[in-house]
Structure formats: structure tokens, C-alpha cells
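Please find below a short note on the structure shown here.

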Amino acid sequence: MEKNLYFDYAAIVLEIVLLSCILVRKMTNGRMNCVFVFLITTALLTTSMDILAVAFDGYGPGYIIEKYFFHTGYLLLRAFTSFFYLSYIIVLTDTWFKAMSGLIKKVMLFLPIGLVVALVISNFWTHNLFYLDEHDVYTRGNMFIWLYIVNFYYIAYSIVKIFRYSRYMEREKILSLLFAFGMVITAAIVQFIIPRILVDMFAYAIGLLLAFILVHRPEEIVDTDTGLMRTVAYVRDMRQSLDTGKKETLIMINVSNFHVIREMIGYNYTLAVKKRIAYEITEYFRTKSIPIEAYYIGSGAYRVRSMGREYDAEDAANYFNDLFKESEQYGGIMINMTVCVCIVRLSEDITSFEALAAFESGLNDEYTGNVLYGSEICRKVRYNLVREMDTIIENALRDDEFEVVYQPIWSLHQKKYASAEALVRLNTKKYGPISPELIIPAAEKSGAIHRLGMYILENVCEFISSEEFERLGLDYIEVNLSPVQCLQNNLAGNITEILKKHNVPPEKLNLEITETATFEGHSSVMNNITKLNKAGIGLSLDDFGTGYSNMTRIASMPFSLIKLDKSLTDVDNNPNLAIVVENLVKMIKSLGMKIVVEGVEDEHGADLFDGMGCEYIQGYYYSKPLKKNDMISFIEASLSNQ
């Protein structure tokens, strides 16, 4: 049976063209580029092995060594192409650290390819994969199917990765990758059923072409002047690292007087300066065999990110700090660079991309001539933040900078999102996002909490009165009242006025009051609770389990809901806590109150509290806090899937 090599010839042409494009344009810097080059090279070798194997098959009897060598090489490399494609997807999503984070994950990643290697090596004496019959004709063995199973396994693994981290990729990238995998799967099935049609590697080459054009896009992520990664790659990589909690060391190098230098020496010599800095950075780490990703993000700003291997970042930072201070002559003009070098530990010093952006915007202001440390600057920034908090809150209230977000709450009995808790967020230009844990105490201390509370209520009532809220079918929205608000004499009157203003039925609002507020024993608190209850507004006890938890007193209060604090959810690691929580649930339910469990982050926790008879779950397992429009879309999507 003569095999058709035309598809293989087309594949090898495509692979050579792709590899040439990348090498000629010197798009080889950066881990993603290196992996992609390796991927194309492996595909090229695989296709070559396939062509040579078929060529020797065509010579008839004989050439036994050559036939075994090229067929073995093809089968082994073909399995590795799928493994390397998965590696490319892992690099694309920047999740190698997750893939290597435990024994089970390592086994899932490496066991299948290890099985293929064992099968290929043992085939020389077992002939389980293939053998040459009495006429020296290539014949598949009884375990040949395992090569296809392993290839399909790695394709499935890749598709799961794509969907799991789809938020980091544009839709066209996701669709092009899925289309490429669809072609590879279809071609593999065709070649398995009809072995003479060698279409497998052609489909793979087309997939690489799609990835190069629509996904990899080296011209978009590589700066042609310096050869380093561009801003778009830096933003993508930093977002992924911070979102996934990856611990990395980042060295920031800013030429603070870059604009002055450009005015002094002009464009061409400034280009030489940029290239020289890029060369020194990459050469330093190359000579030390330290894998890094280096970025040029414009205006004389460079970033160096370690790629998993530990190294002495302080030595590297001091080296660059000293090196770039040396005077250099360009176009007959002696220039001195003012270089600000800083070491930042991602997920330790900085935990969000917004905080990173805010940190970078003020980095040049911290220049001292010595290497800076992100931890020290962040401590200073936090000190300044706390010191300026009153002004920040006043400005935010004046300029309408606060934002109300919502965390959906799941009803275990109704099997739908039944309500949501309103939360306040503030993202400033100077400090980035500021935690409510800083905002609320400062607002309580200054008295701004009353205006902030009314601001939140106005936004919530406006939402409740909207058509969007009606479409969602939510029972109510929960709003927190701080202990300081509860002391306000006219609190109940102010809230009912806002409800009337927006035509909101009182039962559509549920107010959360902390244990601390209820046990203050102040007459104003009790008066407000009584008036709010008479007005038909629902009341819930928030953070139950963190305060006094006096069940006798709670039983006398008009609460319809009790919210178990997230500190009570870690029952797996504390058997005694599990007993306490189970009995608390029984007592609360015997009082006729419903229970919301906060801070549930996995299915096991949800099932556990469902089994205890709790009515509602609030936590990241079901949803994180979302902006209003995002929450509307999220709940509408869940309703359409029911």
C-alpha cells in the first residue's frame, strides 16, 4: 500500500517558512518565543522522519536498520509534539508553577510521555508498536493505539488549560487554538483509519501557522528596537502572575532622566542607549545561565522577571545600579543616566496588578542612588496612605469615586442566586485599590461613615428599582451597617426616606448588623433596630462567631438571618470546631432563623453546610464580588443554564 507524501511535503514547507520568519526577524528572546521555536523545530524533525520512513519503505525489502530508525524517530517525536504543544499552552497561560506544584500534577504531565518513551524503546524487542513483516514491510503492532491515546490526552489537557485561563486570552486566540486542535484530532483519526493518507503533520503545521498569526504574534509582543518583550506582554504576564498568586522576583530598572537624554542626543543615539541597556541585561543573565523574561515598556523602563529558578536578585540589581551610572559618550556628548533600580516580590510586596501600576507610577520619586526594595516602599506607601486616608475618603465622596460591587449569594434549597451583598470599593490613581479594611475604620473615626453609608444605600436602592434587578429575580440586597451608623439617632428615618425616594419595597432591602453593634447596649442601636424591623426591612446578624455570640440575647432580637463568619468554615482542619458549628446551626435553626455561610471556597465546604441544613452560601466557590453589570450578566447566564 503506497503512502501519499504530498501532505508531508506541504507541511515541511510551512514549518521551514515559519521557522525562517522567526529566525530572520530575530524573534527568539523570551520564554514563549523559545518554546515556540522549539515546537516548530520538533514538528520539522517529526515531518522529516515521517518522509524518510516512508521513503525507505518504498525501497522494498531490506534497509531494516534505516526503517526501524526513522519509524521509531517519527513515533517518538510525534508524541513529543503534542507534549510540547501542551508546554506552549502552559507557557502561554504562565502556569508552569501550577503544573509542577504537586506529585499528582507532575504525574499527570509526565507519565503519559514517559509511557510512550518506554513503549518506543521496548519496541525493539517486543514489537508492540510496530514491526517489519517477512517482506520487511512496516506493520502496526497491537499497542499502536496507545500512541493515539497519549496524543489525544495531551490535546484534551491543552483544551482544559485554554478554557480554565481563557480570561487571559482574546476570543480570536481561543477560537484559533480550538480550531487548530480540531483539525489535528480530525487528521489523526483520518490517518489512523486510512494509514496511506499522511495528513497528520500537515494539520499540525496548519495549527502552528494559526498559532503564529493569531496567537503568538511575535511582532506584537517583541520590541524591535531592543529585542525585549513589549508592554502588552508585560501587562499580560503580570496580570496572570498576580491573579494566580505566583511568587516571582521582579527587577525594575528605570532611566529616570530618559526624556532629557533623548533631547540631548537625538533619536538615533537614544536608540543605541536602549539597545545597550537591553544587551547588558540579557548578557548578564545569559552568562549566569539564569532563565528570565526581560521587558522594555517604554520611556527608559526595563523589567526583568525570573522564570522559576532562584538567584541572587540583590547581586543583579546592584550590578545594574553601578553599571548604568557610568558616563557614556554618544555623538560627542557625555551623558550620565539617573537609574532607579528596585527589587519587588510579586504576591508578597504587591498582590494585584492595580497596585503594581500604582507602585510603578511613583517609583522614580523614590530614587536614592541605591537599590530600592519594594517591601520598604510599600511600607512607606501604606504609612502615607493611612496618614492621608481622611483626605482620600473626602475626595472620593466629593468626586463620586467609590464603587458599589455585589457578591451573589446562592440558595441551597432554591438552587439559584437568591440575593447579593453590596460592598464598597475604592480605586485611586495614587495608591491603586484601597482595602475596605482601611477605609471603613477611617471613615468611622472621622464620621464620614454616615455619608458613605447613605451613598451605598442610594446606589443599592437605585439598582433595586431598576428593570435589571427585576429580571434577576433576587429576593433582596444586603447592605452592611457599621456600629457607628447604628448609633445615629435618625438612621431608621434616613433609610426609609431613601426607600420611598426610589419606590423600593422595604422587604427588598436587608441590613446586616454586626454582633459588636448589637451588644453595645446603647439605646440608639435598639431604637434603630426596632424601627427598621417595624418598617418591614429585613435584618441579619453579620459575622456571627467573631463576637459575644450570646444566644439568649440573639433570640430576643428581630433577626431573620444569621451570617456565619468565614472563621467558622475551616471545620476540616479542626474536628472540635466542626462539633461547635454543627450545634450552632441546630440552635439557630431552632430559633426559626435562616443561615448564610460566608467564605466558602470549594465544593466540599458547600456540600458540608448543605448537609447541616444551612440555607445560603456566600463565597468564592459560587462567585467573587462583581461590578453591577458583571453581576447582572453572571446571574442571567446562570438562569439561562437552569
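The points below concern salt bridges and nonpolar cores.

1. The model is predicted, and the remarks in this note should be read accordingly. A search of the whole structure finds 17 salt bridges.

2. Which residue does Lys 563 meet at 3.1 Å, N to O? The partner is Glu 421, whose side chain forms a salt bridge with that of Lys 563. This pair links distant parts of the chain, 142 residues apart: Lys 563 belongs to strand S16 (residues 561-564), and Glu 421 to strand S11 (residues 416-428).

3. Lys 563 also forms a salt bridge with Glu 512, with 2.8 Å between the closest N and O atoms. Because Glu 512 is in strand S14 (residues 509-514) and Lys 563 in strand S16, the pair ties together parts that are 51 residues apart in sequence.

4. A further salt bridge joins Lys 563 to Glu 598, where the closest N and O atoms are 3.6 Å apart. Glu 598 lies in strand S17 (residues 594-598) and Lys 563 in strand S16, so this pair connects parts that are 35 residues apart in sequence.

5. Are the residues of these pairs buried or exposed? Lys 563 counts as buried because its relative accessibility is 0%, a value under the 20% cut-off. Glu 421 is likewise counted as buried, at 4%. Glu 512 is buried, and Glu 598 is buried with a relative accessible area of 12%.

6. These salt bridges belong to one network. Through shared partners, Glu 421, Glu 478, Glu 512, Lys 563 and Glu 598 are joined in it.

7. Turning to nonpolar residues, the largest nonpolar core holds 87 residues. Those touching the most other members are Phe 36, Tyr 85, Tyr 88, Leu 208, Met 252 and Leu 356. Helix H3 (residues 64-92) supplies the largest share of this core, with 14 residues.

8. What does Leu 356 touch, if residues up to four places away in sequence are not counted? Its contacts are Tyr 234, Met 238, Leu 242, Leu 250, Met 252 and Ile 350. Met 252 and Leu 356 are both among the residues of the largest core that touch the most other members.

9. Another core, of 82 residues, lies apart from the largest one. Its members include Ala 420, Leu 491, Val 504 and Ile 595.

Conventions:
Residues are numbered from 1 along each chain as its sequence is written. This is a predicted model: local features need pLDDT of at least 70, side-chain atom pairs count only at pLDDT 80 or more; totals for chains, interfaces and linings use all residues. Side-chain values use heavy atoms; hydrogens and water are left out. A salt bridge is a side-chain nitrogen of Lys or Arg within 4 Å of a carboxyl oxygen of Asp or Glu. Helices (H or I, at least four residues) and strands (E, at least two) are DSSP runs, numbered from the N terminus. Buried means under 20% relative accessible area, exposed over 50%, partly exposed in between (1.4 Å probe, protein chains only). A nonpolar core is a set of buried Ala, Val, Leu, Ile, Met, Phe, Trp, Tyr and Cys residues joined through side-chain atoms within 4.5 Å. Contact means heavy atoms within 4.5 Å.
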